Amino acid sequence: MSDTRYEEGDQVAAPDGSGVVAAVLTDDFEFPQGGSDGDEGGEDLVPVDASDDRPAYVVGLETVGSRVYRASALEKTDLEDEEATDATDGDALTDVVDEDVDALDGLPEGWDRDSVLEYWSSIGGSWESCVDDMTDEFDEERAKEHCSAMKDEVLRTTRWRNRF
């Protein structure tokens, strides 16, 4: 087992830039690929092998979209560290997904991608922890909608829903 395991919410450097671990998957899954059409039909999915011994890490990248990596391609960092991306080397398991999502439209004024990634990291990087946190501010249904919009922005796709 690798000694460099990460948890949801960890800020990491990846070959494609800094980001936040949005999911740690230990079962095989399919990850959306490509474009900006937001195809919900299940096309453009790539299978990813994952297990307890070889988890796959879905990282919401600071500059754009999300991508899946193994632990060996990641390194703990701070999103503010401009040189962090120079320290990592490794291959991604998928292409970057960066679809047109209008997730920021439903968030408080002034929030941008960096704000969302910082918040996502601060609450532990999971949809469930976001809902728990936001239920103090909103009713449960509105908290779920708000957190879904934030995860859409972190991953830059809505095709995570009901998958991971």
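Colleague: Is Cys147 buried or exposed?

Modeller: Cys147 counts as buried, at 0% relative accessibility. Buried means under 20% relative accessible area, exposed over 50%, partly exposed in between (1.4 Å probe, protein chains only). This is a predicted model: local features need pLDDT of at least 70, side-chain atom pairs count only at pLDDT 80 or more, and totals for chains, interfaces and linings use all residues. Residues are numbered from 1 along each chain as its sequence is written, and side-chain values use heavy atoms, leaving out hydrogens and water.

Colleague: What joins Cys130 to Cys147?

Modeller: A disulfide, S to S 2.1 Å. The rule is a pair of cysteine sulfur atoms within 2.5 Å. The count comes to 1 disulfide.

Colleague: Which parts does the pair tie together?

Modeller: Cys130 lies in helix H2 and Cys147 in helix H3, so the linked parts are 17 residues apart in sequence. Helices are DSSP runs (H or I, at least four residues), numbered from the N terminus. Cys130 is buried too, with a relative accessible area of 0%.

Colleague: What is the hand of that link?

Modeller: Left-handed, with -85° about the S-S bond.

Colleague: New topic. At what angle do the axes of H2 and H3 cross?

Modeller: Roughly 135°, and the axes come within 9 Å. Axes are lines fitted to C-alpha atoms over the stretch in contact, with angles from 0 to 180 degrees between N-to-C directions. That makes H2 oblique to H3. Oblique is what remains after under 35 degrees (roughly parallel), over 145 (roughly antiparallel) and 65 to 115 (roughly perpendicular).

Note on methods: Helices (H or I, at least four residues) and strands (E, at least two) are DSSP runs, numbered from the N terminus.
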